[in-house]
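Visitor: I am new to this structure and would like to learn how to read it step by step. Could you take me through its features, giving the general idea before each case?

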Amino acid sequence: CAQCGTSDTPEWRREPHTHHLLCNACGLFVKTLGTHRPMFGPPKSAPEDPLPAYHGHRCSHCGTTTTPTWRRDEDGNRLCNACGMYLRSYGRERPLSSPSKRTTRRSSKRLP
C-alpha cells in the first residue's frame with residue numbers, strides 16, 4: 001500500500017488522483033472521507049517471527065498442545081478437537097491408548 005505500507009489486504013484499491021495502489025482500509029478511508037488515513041507509528045510490515053504453536057492451551061484430557069480447533073466439555077474444560085468430537089459423538093471420554101490391534105483371518109473364496 002502506498003499509504004500504510006502493508007502488503008496483505010483482501011482487496012486492492014487505487015488512489016483517485018495519483019492512481020497509486022492502496023490497501024482496502026486506506027482506499028475506503030480516502031473514498032469515504034476524501035483524505036488519507038492518519039498513520040501512527042512506523043509502516044506495517046509482516047511479522048518476523050510466526051506465533052508459536054503453543055499459546056498456553058493444553059487439552060485437559062490428552063494433554064496435547066496442537067489442534068485445529070479447541071473445544072470445551074460440559075464443565076468448561078478445554079479439549080482438543082479429537083477429544084471434543086469423541087465426547088460429543090460417543091458421550092464419553094476418548095481412550096488415551098489405542099485399542100489393541102487384533103489380526104483376524106478372513107476366509108477367502110477360491111475361484112474355480
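Visitor: Which residues of α1 are buried?

Guide: Buried means under 20% relative accessible area, exposed means over 50%, and partly exposed lies in between, with a 1.4 Å probe and protein chains only. Helices (H or I, at least four residues) and strands (E, at least two) are DSSP runs, numbered from the N terminus. In α1 the buried residues are Asn24, Cys26, Gly27 and Val30, and their cover includes β1 (13–14) and β2 (21–22). Please keep in mind that this is a predicted model, in which local features need pLDDT of at least 70 and side-chain atom pairs count only at pLDDT 80 or more, while totals for chains, interfaces and linings use all residues. Residues are numbered from 1 along each chain as its sequence is written, and side-chain values use heavy atoms, with hydrogens and water left out.

Visitor: With which residues is Val30 in contact, leaving aside its neighbours within four places in sequence?

Guide: Contact means heavy atoms within 4.5 Å. By that reading, and with those neighbours left aside, Val30 is in contact with Pro16, Leu22, Thr35 and His36. After α1 comes Gly34, whose phi is positive, near 75°.

Visitor: Which residues make up the largest nonpolar core?

Guide: A nonpolar core is a set of buried Ala, Val, Leu, Ile, Met, Phe, Trp, Tyr and Cys residues joined through side-chain atoms within 4.5 Å. The largest one here has six residues, namely Cys1, Cys4, Leu22, Cys23, Cys26 and Val30. There is also a second, separate core of five residues, among them Cys59, Leu79, Cys80 and Cys83.

Visitor: How many disulfides does a search of the whole structure find?

Guide: A disulfide is a covalent bond between the sulfur atoms of two cysteines, and the cut-off used is a pair of cysteine sulfur atoms within 2.5 Å. The search finds zero disulfides. For Cys1, the closest cysteine sulfur is that of Cys4, and at 3.7 Å it is too far for a bond. For Cys83, the closest cysteine sulfur belongs to Cys80, and at 3.6 Å it is likewise too far for a bond. Cys83 is buried, with a relative accessible area of 3%.

Visitor: Where is His61 found, and what lies 2.5 Å from a polar atom of its side chain?

Guide: A polar contact is a pair of N or O atoms within 3.5 Å; within protein, one must be able to donate a hydrogen and the other to accept it, and residues adjacent in sequence count only if both atoms are side-chain atoms. His61 is found in the loop between α1 (24–33) and β3 (71–72), and the backbone oxygen of Arg94 lies 2.5 Å from a polar atom of the His61 side chain.

Visitor: How many aromatic pairs does the structure hold?

Guide: Rings of Phe, Tyr and Trp (its six-membered ring) pair if their centres lie within 6.5 Å; planes under 30 degrees apart count as stacked, over 60 as edge-to-face and the rest as tilted. The structure holds one aromatic pair: Tyr86 and Tyr90 are tilted, at 4.5 Å centre to centre and 45° between the planes. Because they are four residues apart in helix α2 (residues 81–90), Tyr86 and Tyr90 are separated by about one helical turn. Tyr86 counts as buried at 18% relative accessibility, whereas Tyr90 counts as exposed at 53%.
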